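Colleague: Before I use this model, I would like to know what stands behind the words used for it. Can we go through them one at a time?

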Amino acid sequence: MHESLSYLAYLAISIGLTVWVARTLSKNGEVFLVDCFGHDQVLARSTNHLLVVGFYLVNLGFILLALQFGKPPESVPEAIRYLSSKVGFAVLVLGAMHFFNMNAIAKFGRKVGAWFREEQWAANARPAAPEA
């Protein structure tokens, strides 16, 4: 009984946290991405969506695989310890994924932004075509 309820609680809490974190990061991170990608909103939204999909895949996969680890609880105190350690580990993975993504976006976003700014500079530097 404690085992089944613990599994269900773990899945509900961990999946709920994953959805909440993904939505929060997606909503608040889009402004950051727009700036990183030289104010190209289409590229920023597309990247944001791809990051959210990857975030869900990695985190939900981890959450589901982690069900097999640990000794199933046989009492209420064990169930609480089991649940807190499982959810705590899932939260650490969520945090690690967030920092990994932020590092990658900061690194590659600057490159894409620089390319965008170079293209804008080049376009502005080209002489206008004579009117016919």
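Predicted model: local features only at pLDDT ≥ 70, side-chain atom pairs only at ≥ 80, totals over all residues.

Colleague: What makes up the secondary structure of the chain?

Modeller: Three helices and zero strands, in the order α-α-α from the N terminus. Helices (H or I, at least four residues) and strands (E, at least two) are DSSP runs, numbered from the N terminus.

Colleague: How do you know that the span of H2 agrees with its 25 residues?

Modeller: The expected span is 1.5 Å times one less than the number of residues. For H2 that gives 36 Å, and the end C-alpha atoms are 36 Å apart, so the two agree.

Colleague: Why is Ser14 called buried?

Modeller: Buried means under 20% relative accessible area, exposed over 50%, and partly exposed in between (1.4 Å probe, protein chains only). Ser14 has 2% relative accessibility, so Ser14 counts as buried. Ser14 lies in helix H1 and, leaving aside neighbours within four places in sequence, is in contact (heavy atoms within 4.5 Å) with Ile63, Val87 and Ala90. Ile63 is itself among the buried residues of H2.

Colleague: What makes Arg45 and Glu30 a salt bridge?

Modeller: The term requires a side-chain nitrogen of Lys or Arg within 4 Å of a carboxyl oxygen of Asp or Glu. Between Arg45 and Glu30 the N to O distance is 3.1 Å, which meets that limit. The pair links Arg45 in helix H2 with Glu30 in helix H1, 15 residues apart. The structure holds one salt bridge.

Colleague: Which residue classes line the largest pocket?

Modeller: Nine nonpolar, six polar and no charged residues. Ala, Val, Leu, Ile, Met, Phe, Trp, Tyr, Cys and Pro count as nonpolar, Asp, Glu, Lys and Arg as charged, and the others, Gly among them, as polar. H1 gives the largest share of the lining, seven residues.

Technical notes
Residues numbered from 1 in each chain as written. Heavy atoms only, no water.
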